[in-house]
Amino acid sequence: SNATYGSETWTAGATNTELATLAEAMEGAASVVNGFDVSTAVYSQTFSVTAQETSPTGVAFNTDGTKMFVVGYDGDDVNEYALSTGFDVSTSVFTDSFSVAAQEIIPTGLAFNTDGTKMFVVGRAGTASVHEYTLSTGFDVSTASYVDSFSVSSQDTTPTGIAFNTDGTKMFIAGQQGADVYEYALSTGFDVSTASFTDSFSVSGQDIYPEGVAFNTDGTKMFVVGNEGNDVNEYTLSTGFDVSTSTFVDAFSVSAQDTGPSGVAFNTTGGNMFVVGLANAAVYEYSTGVGSVTTVLAGKALSSTSINLDYTT
């Protein structure tokens, strides 16, 4: 269907950029329903990281997708890439790296806080810990410095993935020893020294070798990638960011691209999914889900109040 606001008209199949333009034109009146649906995932393209890392284990992005970060245990470092088009891995160019070898020789997962002034690397060497770093310039790994570590070995001696809720008051670790996702409460957001274990959720029914974990924005969906089934498993959470309320929904196989998936990430709208893989040392991009604009403020009526946006077109 078409939708008109002022002199602008949007049609079914509009792009993410057109969605943002519409929301701006409506002065924030649009309500965006995120994608985050693996059942509709379609493979798009690949970017090789072999020149920097032959054993990549985790992937993360800054907020607008103009920077990508890949961690791995061949170089024991975090590699930073600049993307000339946000969340388009084909436009990636390597820029810098930061060694975590002094803290971790088998890094397996990577996360940042919202503004990129804190970086977290989880690894399974030694005490199986999460290592916290501060960045004096957000999302610039060359400015990173080590702060503290938090051991998760009491829950799992083989941690493989890490994620946080939006304000950093909850941390989540995927682990292979128990095939679980472990939830921790942080009394101070994004400060691992304040972490305490609260709960766990078993994913063994779907994959006994979970490698990475990610969430949608409000925590009502969780995604776990694993290399037993070489797939991304999707769960719904009846209470956001509470893993005890998780229910398995669906799975999406990435085996046609990589038989050793080791990390998963999404763009902010859930319209794109990214999987990093060990088998080919690459980052794979997928189009996922459907978004919609459904809410209109009084006095800002559209000719149609619903615009379906197919991110795969």
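Strands here are DSSP runs of type E with at least two residues, numbered from the N terminus. This is a predicted model, so local features need pLDDT of at least 70 and side-chain atom pairs count only at pLDDT 80 or more, while totals for chains, interfaces and linings use all residues. Residues are numbered from 1 along each chain as its sequence is written, and side-chain values use heavy atoms, with hydrogens and water left out.

Let's start with Glu80, which sits in strand β7 (residues 77-83). With a relative accessible area of 5%, Glu80 is buried; that label means under 20% relative accessible area, exposed means over 50%, and partly exposed falls in between (1.4 Å probe, protein chains only). Setting aside neighbours within four places in sequence, Glu80 has contacts that include Lys67, Met68, Phe69, Phe139, Asp140 and Val141, where contact means heavy atoms within 4.5 Å.

Lys67 is also the salt-bridge partner of Glu80, with the closest N and O atoms 3.0 Å apart. The two belong to distant parts of the chain, Glu80 in β7 and Lys67 in β6, 13 residues apart.

**Salt bridges**

A salt bridge here is a side-chain nitrogen of Lys or Arg within 4 Å of a carboxyl oxygen of Asp or Glu. By that rule the count is four, among them these:

| Pair | N to O distance |
|---|---|
| Glu80 and Lys67 | 3.0 Å |
| Glu132 and Lys118 | 3.1 Å |
| Glu183 and Lys170 | 3.0 Å |

Take Glu132 and Lys118, whose side chains meet at 3.1 Å. Glu132 lies in strand β11 (residues 129-135) and Lys118 in strand β10, so this pair ties together parts that are 14 residues apart in sequence. Glu132 is buried at 2% relative accessible area, and Lys118 counts as buried too, at 19%.

Then there's Glu183 with Lys170, 3.0 Å apart at the closest N and O atoms. This pair also links distant parts of the chain, with Glu183 in strand β15 (residues 180-186) and Lys170 in strand β14 (residues 170-175), 13 residues apart. Glu183 is buried, at 5% relative accessible area, whereas Lys170 counts as partly exposed at 22%.

**The β9 to β12 sheet**

Next up is an open sheet of four strands, ordered β9-β10-β11-β12 with antiparallel pairing. The edges belong to β9 (107-112) and β12 (144-151), each with a single partner strand, so one side of each has no neighbour in the sheet. On average, neighbouring strands of this sheet are turned by 25° against each other, direction ignored; axes are lines fitted to C-alpha atoms, and angles run from 0 to 180 degrees between N-to-C directions.

Strands count as paired if DSSP finds at least two bridges between them. Five bridges join β9 to the antiparallel strand β10 (residues 118-123). Gly109 has Val122 of β10 as its bridge partner, and Phe112 stands opposite Met119 in β10. The two strands form a hairpin with five residues between them, and Gly116 in the turn has a positive phi of about 75°.

**Two loop residues with positive phi**

Asp76 has a positive phi of about 50° although it is not a glycine. Asp76 is in the loop between β6 (67-72) and β7, and counts as buried at 12% relative accessibility.

Asn230, another non-glycine residue, has a positive phi near 50°. The loop that holds Asn230 runs between β18 (221-226) and β19 (231-237), and at 13% relative accessibility Asn230 counts as buried.
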